[in-house]
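This briefing concerns a predicted protein model and the residues at its centre. Please consult the sequence and the coordinates shown below alongside the text.

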Amino acid sequence: MTHRTIQPDRLAALGAHLGARGYEVDLTARGLRVVNPKVADCCHATPSAEETISLRRRPEDFDRPWFWTAAGDPVAPADRITDAGVFLMGHLAERHQRDETEEPGR
């Protein structure tokens with residue numbers, strides 16, 4: 001019998017990884033929307049801590065598929081779900097911490 005490996009949808013796998021850690025995730029036509037629910041969406045001056053991740057090839061890495069931010073920044077190779085998750089958790093937390101320190105007392 002031939003052993004076949006079924007390749008799961010990598011955005012869905014990343015979503016499951018982050019969802020298990022308490023992040024809100026939603027697969028959309030634009031990609032995987034990830035929201036850090038611990039960030040209060042209190043005012044217009046504070047951007048909500050969210051990111052939309054897409055999957056596309058990276059020419060600098062022999063056209064291997066990578067996860068990318070909405071701004072076009074590379075996150076991690078698509079076969080590195082844990083690395084991408086760690087990056088996103090740090091990215092969303094960093095954004096939240098930066099917002100808190102920009103305007104102390106608010």
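**Nonpolar core**

The largest nonpolar core has 17 residues, among which Leu14, Ile53 and Phe67 touch the most other members. Such a core is a set of buried Ala, Val, Leu, Ile, Met, Phe, Trp, Tyr and Cys residues joined through side-chain atoms within 4.5 Å, where buried means under 20% relative accessible area, exposed over 50% and partly exposed in between (1.4 Å probe, protein chains only).

*Contributors to the core*
- At least two residues of this core come from each of helix H1 (10–19), strand E2 (32–35), E5 and H2.
- H2 provides the largest share, 4 residues.
- Helices (H or I, at least four residues) and strands (E, at least two) are DSSP runs, numbered from the N terminus.

*Helix H1 and Leu14*
- The buried residues of H1 are Arg10, Leu11, Leu14, Gly15, His17 and Leu18.
- Viewed down the axis of H1, these buried residues fall within an arc of 160 degrees, so they line one face of the helix; the arc is that of the directions from the helix axis to the C-beta atoms.
- Leaving aside neighbours within four places in sequence, Leu14 is in contact with Leu32, Ile53, Phe67, Ile81, Ala84, Gly85 and Leu88, contact meaning heavy atoms within 4.5 Å.

*Thr52*
- Thr52 lies in strand E3 (residues 50–58) and is buried, with a relative accessible area of 14%.
- Not counting residues up to four places away in sequence, Thr52 touches Arg30, Gly31, Leu32, Arg33, Trp68, Thr69 and Ala70.

*Confidence and conventions*
- Mean pLDDT (the predictor's confidence in each residue, from 0 to 100) is 83 for the protein, with 72% of residues reaching 70 or more.
- Among the elements, helix H2 (residues 81–102) has the lowest mean pLDDT (77) and strand E5 (residues 74–77) the highest (97).
- This is a predicted model: local features need pLDDT of at least 70 and side-chain atom pairs count only at pLDDT 80 or more, whereas totals for chains, interfaces and linings use all residues.
- Residues are numbered from 1 along each chain as its sequence is written, and side-chain values use heavy atoms, with hydrogens and water left out.
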